[in-house]
Amino acid sequence: MPFTAEGWDVREAVRAHTRTSGFRILPVDVARRWDAYRRDRLERHTDPLPVADPDNLPEWLSELRGNRRAVAVGAAAPSTLHELTAGPHPDVEARLRSVGSVIPPAARAQLAPYRPTRAGREADTAAGLPDALSVPCPWCHAHTGTPCRMRRTGPDGAARGNTPRAVPHPGRFDLAAATPARQAAAPRPAPVAGTIGVPRTGPARSARR
């Protein structure tokens, strides 16, 4: 290991050991800190593309290994990838507002045959119909967001079949249409006495006194 390097000094490693340990320092104590230093630098390093011809495999690998070795011993700084930390570009935001969707209408129409469930939900929303997949199906018990299943009743009275349906069951449409009205008409729960803005009753006050 070198005596000094970028962010490394053997004397600092010895001082750190004497401050934190009551045992006499050994070579393995310094080597352990050196291994942690090398591991930290290599974890922050991303291999740049070698300049050597990729068809010349020995030269290409030699340059790649030499670059890693230089980063590990502190002779070269780690090469990190630059992440996108800002939001979308203003031009992209303006374009999305003009289109109205992340997927343009022409691409959405081409994708419709490959995702019929989503295409059906979008068509119902555009026609002003309730989204049937926003509620569970009362007939086939399909969960919210999943298509209905073709279920038929067997001789023993049990439901059979598990093939997805292209169109939800009629009862699911009725439930989706009734859900917003039911939520709007549902009474709100009464506030609990003792919370902020709600005084306690008379007996509670007298008992506290």
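**Entry 1: Arg-68 and Asp-47.** I began with Arg-68, which counts as partly exposed because its relative accessibility is 41%. For the record, I use buried for under 20% relative accessible area, exposed for over 50% and partly exposed for in between, with a 1.4 Å probe and protein chains only. I looked up its partner next: the side chains of Arg-68 and Asp-47 meet in a salt bridge, at 2.5 Å from N to O. Arg-68 lies in helix 3 and Asp-47 in the loop between helix 2 and helix 3, so the pair ties together parts that are 21 residues apart in sequence. My cut-off for a salt bridge is a side-chain nitrogen of Lys or Arg within 4 Å of a carboxyl oxygen of Asp or Glu. Asp-47 also counts as partly exposed, because its relative accessibility is 30%.

**A word on the model.** I kept in mind that this is a predicted model, in which local features need pLDDT of at least 70, side-chain atom pairs count only at pLDDT 80 or more, and totals for chains, interfaces and linings use all residues. Residues are numbered from 1 along each chain as its sequence is written, and side-chain values use heavy atoms, with hydrogens and water left out.

**Entry 2: the layout.** I found eight helices and four strands in the protein. Helices (H or I, at least four residues) and strands (E, at least two) are DSSP runs, numbered from the N terminus. Along the sequence the pattern reads β-β-α-α-α-α-α-α-β-β-α-α. I also noted that buried residues make up 16% of the 209 residues.

**Entry 3: the loop between helix 2 and helix 3.** I stayed with this loop, where Pro-48 lies. Pro-48 is partly exposed, because its relative accessible area is 37%. From Pro-48 to Arg-68 I noted 20 residues in sequence and 9.8 Å in space, C-alpha to C-alpha. His-45 has its place in the loop between helix 2 and helix 3 too, and it counts as buried because its relative accessibility is 11%. The side chains of His-45 and Asn-67 are joined by a polar contact of 3.0 Å. By polar contact I mean a pair of N or O atoms within 3.5 Å; within protein, one must be able to donate a hydrogen and the other to accept it, and residues adjacent in sequence count only if both atoms are side-chain atoms.

**Entry 4: other salt bridges.** How many salt bridges are there by this rule? I get a count of nine.

- Arg-41 forms one with Glu-6, their closest N and O atoms being 3.4 Å apart. This pair links distant parts of the chain, 35 residues apart: Arg-41 is in helix 2 (residues 27–43), and Glu-6 is in the loop between strand 1 (4–5) and strand 2 (8–9). Arg-41 counts as buried at 3% relative accessibility, whereas Glu-6 counts as partly exposed at 43%.
- Asp-29 and Arg-32 meet through their side chains in another, at 3.3 Å from N to O. Both lie in helix 2, three residues apart, about one turn of the helix. Asp-29 is buried, with a relative accessible area of 13%, while Arg-32 counts as exposed at 52%.
- Arg-108, Arg-118 and Glu-122 are linked in a network of salt bridges.

**Entry 5: Ala-112.** I then checked Ala-112, in the loop between helix 5 (105–111) and helix 6 (116–126). Ala-112 is partly exposed, with a relative accessible area of 26%. Ala-112 and Glu-122 are ten residues apart in sequence and 9.8 Å apart in space, C-alpha to C-alpha.

**Entry 6: Arg-172.** What does the side chain of Arg-172 reach? I found the backbone oxygen of Val-135, at 2.9 Å. Arg-172 lies in helix 7 (residues 170–185). Arg-172 is buried yet has no salt bridge, and the nearest side chain of opposite charge, Asp-131, is 7.7 Å away. In this tally Lys and Arg count as positive and Asp and Glu as negative, with His and the chain ends not counted.

Entry 7: Glu-63 counts as partly exposed, because its relative accessibility is 32%.
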